[in-house]
Amino acid sequence: MPLFFKTTGSLIREVPRLSWQLNVAAGFLLTLLSSAALGDALEGLGSELRLSSGALGSVVTPLVTSLPELVVVLYSLIIYGAKGYGVAEGTVIGEPFIISSLMLPALIILATLMRRAPLRGHQSLVQPFAVFAAFFPSVVLPSIIYDLRVKYAVAIFLAVIYALFMMRQANSGGELERVSEPLLSRRLGRAGIAMQLTLSVLGIYFGSELLVQGVLEVSRAVGIQPLEVSILLVPMATALPESGVAFAWELRGHDELAVRAMVGEIVLYATVYPALGIIAAPWRLDLPAVEAVIGAEAAALTAALELSRKGLSWRTALVGLGGLALYIAMLSAGAHG
């Protein structure tokens, strides 16, 4: 794996650079189209395998659509070493923060515009949000207590929590109803589903690569620490796959699958990815990073409370957007300080 990243990294550096505007525009378009194709293929696969909506929405989809984030983290650590620590740490902390403070509010706004608010979900969705809110703050501990035993204990603890979450969600939710056949399976059957999955994942990979190149070019001109910029910019690019799948499901009327895709990503990035980052990087979070953790916490708690009642509404959206606005204000103050 390290040899693969070093080889592809040297090849990428040989490719002529596009302007960041073209990178961002092409990356967004390719990622969104690939995400829509991925959601379509995953729904067909879930129906073929008779998966529950919990297994498909909260486990399978997040694991597949998180590939761009994994690539960014490994690429930063392997290719750039110590210089890439800030990017890796920022990506890990920033993913649940951006999903809960921007993407989830955007999904709620979409549901409102389609007159399906409040955004409803199965009662089993309350637990994942509560699990996230209960355990995500542990990522701050290695930055407070500089002890290798604490680092490894927190990493193992988070990995175990995700394993338990997977087992719980695999059997939750109702039976998945297929609305339509995936595009390629109409002509090629099950082989078409496999081909569509492969092409959409490749599209997400290359689209995310273009996006990351674009946003990192912008970040170099800002003059802020890589950790702080990465929390905001890199996840805005790499969170598009899972968000695109969730938006596509919401447009087709699958409220529960859309919410499950979001919560599955949040829990994945609150457990597995912090465990990886804590072990592989020094893990020194500054004040803006801690604020991002707090912002994600507030949004998750609000979401859990609302799902236990009527469903996600403007309250969850406002809490999430408020945390994002506070983080941007802190970055702005730091840039001008």
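## The chain at a glance

Two residues are in contact when they have heavy atoms within 4.5 Å of each other. With that in hand, here's a first look at this predicted model. Take the contacts in the chain between residues at least 6 apart in sequence: 85% of them join residues at least 24 apart.

What does the secondary structure come to? It's 15 helices and zero strands. The chain has 337 residues, and 54% of them count as buried.

## Two helices side by side

Now for a pair of helices: H10 covers residues 190-220, while H11 covers residues 226-238. Their axes come within 9 Å and cross at roughly 155°. Angles over 145 degrees count as roughly antiparallel, so H10 is roughly antiparallel to H11. The crossing of H10 past H11 is right-handed.

Which residues meet here? From H10 there are Leu211, Val212, Val215, Leu216 and Ser219, and from H11 there are Val229, Leu233, Val234, Ala237 and Thr238. Sorted by class, the contact of H10 with H11 has eight nonpolar residues, two polar ones and no charged ones.

## The largest nonpolar core

The largest nonpolar core holds 72 residues. Ile93, Phe129, Phe136, Val139 and Ile231 are the ones that touch the most other members. Helix H13, residues 255-280, gives the most to this core, with 14 residues.

Let's zoom in on Ile231. Leaving out residues up to four places away in sequence, Ile231 touches Gly90, Ile93, Gly94, Phe97, Ile98, Ala289, Ala292 and Tyr327.

Methods:
Residues are numbered from 1 along each chain as its sequence is written. This is a predicted model: local features need pLDDT of at least 70, side-chain atom pairs count only at pLDDT 80 or more; totals for chains, interfaces and linings use all residues. Side-chain values use heavy atoms; hydrogens and water are left out. Axes are lines fitted to C-alpha atoms, for helices over the stretch in contact, and angles run from 0 to 180 degrees between N-to-C directions. Helices (H or I, at least four residues) and strands (E, at least two) are DSSP runs, numbered from the N terminus. Angles under 35 degrees count as roughly parallel, over 145 as roughly antiparallel, 65 to 115 as roughly perpendicular and the rest as oblique. A crossing is left-handed if the near helix is turned anticlockwise from the far one by less than a right angle, and right-handed if clockwise. Ala, Val, Leu, Ile, Met, Phe, Trp, Tyr, Cys and Pro count as nonpolar, Asp, Glu, Lys and Arg as charged, and the others, Gly among them, as polar. A nonpolar core is a set of buried Ala, Val, Leu, Ile, Met, Phe, Trp, Tyr and Cys residues joined through side-chain atoms within 4.5 Å. Buried means under 20% relative accessible area, exposed over 50%, partly exposed in between (1.4 Å probe, protein chains only).
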